[in-house]
Amino acid sequence: MTTTEHKNKNTAVNNMEPLFAKDYNVYINHTDAGGIVYHANHLVFFENCRRDWFTKLGLNGYFLQTDDGDIQHFVVSQADLQYKRAILLDEVISVHIDKVELKPASIIFYQSIHRSTSDKASNQLLSSTKIVIACVQNLVKPEPMANNEINNNQPDNAVNTTPMRPIRVPRELQDAIEQAISEQMNERL
């Protein structure tokens, strides 16, 4: 592949409409002392975008309750971030969900952050990520503790941990994501 072909291929990918995009303001609490977004806050913006997309799809965030009362939710099992350019205080950034892959017990999100400008073609890529969220189910149901009742026979870390097991992505969520992907593909045609 020639350099020109490679550039054209990248341009085509970057110009594709994302599955979902939302603008966010960068506030002082997102930045370090130099006014640059702290590296971990890129993950916060990616998380907020996924949560906002789920809300748009009519899903109540990451916690789903089965008919049996079991709680199913998601945990990040992998995050691969690429930092390209600094995100600065008082900027408006556009956070995208570019692509989603459904696996039996996880969802892979390809996301990116862009400097938001009025000219969509000139938006600068600031960072990108591949994030894998795994679907899990709590194995025990938490019981309410009586007023300040603590079991002194358990180590401190045992009191706050809930055993989980991986499970299949709930059908309701799979259907909503597949429909959103299908609608986007139809819009491109």
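Reply: Below is a quick walk through the fold, the core, the rings and the strand pairing.

Me: What kind of model is this, and how are residues numbered?
Reply: It is a predicted model, with residues numbered from 1 along each chain as its sequence is written; local features need pLDDT of at least 70, side-chain atom pairs count only at pLDDT 80 or more, and totals for chains, interfaces and linings use all residues. Side-chain values use heavy atoms, with hydrogens and water left out.

Me: How many helices and strands?
Reply: 4 helices and 7 strands. These are DSSP runs, numbered from the N terminus: helices are H or I with at least four residues, strands are E with at least two. The order along the sequence is α-β-α-β-β-β-β-β-α-β-α.

Me: What share of the chain is buried?
Reply: 34% of the 189 residues. Buried means under 20% relative accessible area, exposed over 50%, partly exposed in between, with a 1.4 Å probe and protein chains only.

Me: And the accessible surface, what does that come to?
Reply: About 12200 Å², with 50% of it belonging to carbon and sulfur atoms. Areas come from the Shrake-Rupley method with a 1.4 Å probe; for residues, only the protein chains shown count as cover.

Me: Which residues have the most contacts inside the largest nonpolar core?
Reply: Trp53, Ile93 and Ile107, in a core of 31 residues. Such a core is a set of buried Ala, Val, Leu, Ile, Met, Phe, Trp, Tyr and Cys residues joined through side-chain atoms within 4.5 Å.

Me: Which elements supply at least two residues of this core?
Reply: β1 (20–25), α2 (40–56), β3 (71–83), β4 (92–102), β5 (106–115), β6 (125–138) and α4 (171–188). The largest share, 5 residues, comes from α2.

Me: Let's stay on Trp53. What does it touch?
Reply: Leu19, Phe20, Ile97, Val100, Phe109, Ile177 and Ala180, if you skip residues up to four places away in sequence. Trp53 has a relative accessible area of 1%, so it counts as buried.

Me: How many aromatic pairs are there?
Reply: 5 aromatic pairs. Rings of Phe, Tyr and Trp (its six-membered ring) pair if their centres lie within 6.5 Å; planes under 30 degrees apart are stacked, over 60 edge-to-face, the rest tilted. Trp53 and Phe54 make a tilted pair, 6.1 Å centre to centre with 35° between the planes.

Me: Why is the Trp53 and Phe109 pair edge-to-face?
Reply: Because the planes of Trp53 and Phe109 stand at 90°, with the ring centres 6.2 Å apart. Trp53 is in helix α2 and Phe109 in strand β5, so the pair ties together parts 56 residues apart in sequence.

Me: Which residues make up the aromatic cluster?
Reply: Trp53, Phe54, Phe74 and Phe109 form one cluster. Phe54 is at 0% relative accessibility.

Me: Switching to strands. How do β4 and β5 pair?
Reply: Antiparallel, over 9 bridges. Strands pair if DSSP finds at least two bridges between them. β4 and β5 form a hairpin with 3 residues between them, and Leu102 has Ile107 in β5 as its bridge partner.

Me: What about β1 and β4?
Reply: Antiparallel too, over 6 bridges. Phe20 stands opposite Ile97 in β4.

Me: And β3, how does it pair with β6?
Reply: In the antiparallel sense, over 11 bridges. His73 has Val136 in β6 as its bridge partner.

Me: Last one. Which residue takes a positive phi in the hairpin of β2 and β3?
Reply: Gly69, near 90°. That hairpin has 5 residues between the strands. Strand β2 (residues 64–65) runs antiparallel to β3, joined by 2 bridges.

Technical notes:
Contact = heavy atoms within 4.5 Å.
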